[in-house]
Amino acid sequence: MNELDQSIFTLVSWDPPGYGRFGDAERIWDVKMLDTDADFAVELMRHLNVKRFSILGWSDGANTAVLIAAKYPDLVGSLVAIGGNAYADAADIQIYEDCRDVDAWAPELKEPMFDVYGREKYIRLWHNWIDTMKLIFKERDGNFCKDALDKVQARTLIVSGRDDDAVPLHHQYYFMEHIKNAELWIVSNAGHDVHLTRSKYFNAMVTTFLQAQ
């Protein structure tokens with residue numbers, strides 16, 4: 001994000017309660033946690049006295065961004081959703097379960113997380129996340145933001161790495177089918193972290209999209 005041209009954009013980066021720099025806060029692991037995150041983000045922008053903004057989110061953050069754009073259409077001019085999914089089905093839940101053992105992850109995936117949270121805390125956080133995904137699957141039929149898609153009025157850019165093995169591509173096509181004014185960019189030679197591994201290309205794409213509004 002720091003590589004985006006800050007002479008063009010004013011960047012506001014935030015962590016939901018319990019994550020990242022907000023890691024000391026207590027995270028509430030329930031079926032409405034993404035809705036809670038959405039309301040929290042909007043309260044932050046109101047506190048900063050920002051009347052209208054574009055929003056960019058990755059993974060869970062993409063789903064949160066969709067919820068914000070749907071619930072607060074007067075505030076959101078453009079939406080960029082990276083590697084999100086409006087729902088989780090049984091196959092998705094199996095993907096999460098297959099990744100439960102953090103110690104089996106490649107060093108380049110787990111060590112940055114350990115640096116932020118510490119090993120024990122991150123493993124606990126990750127297990128809580130998986131268990132909450134399973135709870136949403138059980139109690140809400142896996143619905144993260146399906147009901148919100150037709151309420152999104154903002155110009156929308158859906159971004160995915162072609163080789164994303166965490167969120168299969170059919171989820172991005174689902175977004176495209178159900179969000180008005182949406183564009184889909186699939187990036188070759190990239191996975192779930194397309195914004196990191198193809199950062200220069202990604203930042204150029206996002207800049208072009210946001211400046212076109």
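Modeller: The model is predicted. I start with the residues of H8 that are buried: Ser 199, Phe 202, Asn 203, Met 205, Val 206, Thr 207, Phe 209 and Leu 210. Helix H8 itself covers residues 199-211, which makes 13 residues. From its first C-alpha to its last, H8 reaches 18 Å, close to the 18 Å expected at 1.5 Å a residue.

Another part of the chain shows two helices packing against each other. Helix H3 (residues 90-98) packs with helix H5 (residues 119-140) at an angle of about 165°, and their axes are 10 Å apart. Angles over 145 degrees count as roughly antiparallel, and H3 and H5 are therefore roughly antiparallel to each other. The crossing of H3 past H5 is left-handed. On the H3 side, the residues in the contact are Ala 90, Ile 93, Tyr 96 and Glu 97. They meet Trp 129, Ile 130, Met 133, Lys 134 and Phe 137 in H5. By type, the residues of this contact divide into 7 nonpolar, no polar and 2 charged.

Thr 64 lies in helix H2 (residues 60-71). Its relative accessibility is 4%. Buried means under 20%, so Thr 64 counts as buried. Apart from its neighbours within four places in sequence, Thr 64 is in contact with Leu 34, Asp 37 and Ala 38.

Key: Residues are numbered from 1 along each chain as its sequence is written. This is a predicted model: local features need pLDDT of at least 70, side-chain atom pairs count only at pLDDT 80 or more; totals for chains, interfaces and linings use all residues. Side-chain values use heavy atoms; hydrogens and water are left out. Helices (H or I, at least four residues) and strands (E, at least two) are DSSP runs, numbered from the N terminus. The expected span of a helix is 1.5 Å times one less than its number of residues. Buried means under 20% relative accessible area, exposed over 50%, partly exposed in between (1.4 Å probe, protein chains only). Axes are lines fitted to C-alpha atoms, for helices over the stretch in contact, and angles run from 0 to 180 degrees between N-to-C directions. Angles under 35 degrees count as roughly parallel, over 145 as roughly antiparallel, 65 to 115 as roughly perpendicular and the rest as oblique. A crossing is left-handed if the near helix is turned anticlockwise from the far one by less than a right angle, and right-handed if clockwise. Contact means heavy atoms within 4.5 Å. Ala, Val, Leu, Ile, Met, Phe, Trp, Tyr, Cys and Pro count as nonpolar, Asp, Glu, Lys and Arg as charged, and the others, Gly among them, as polar.
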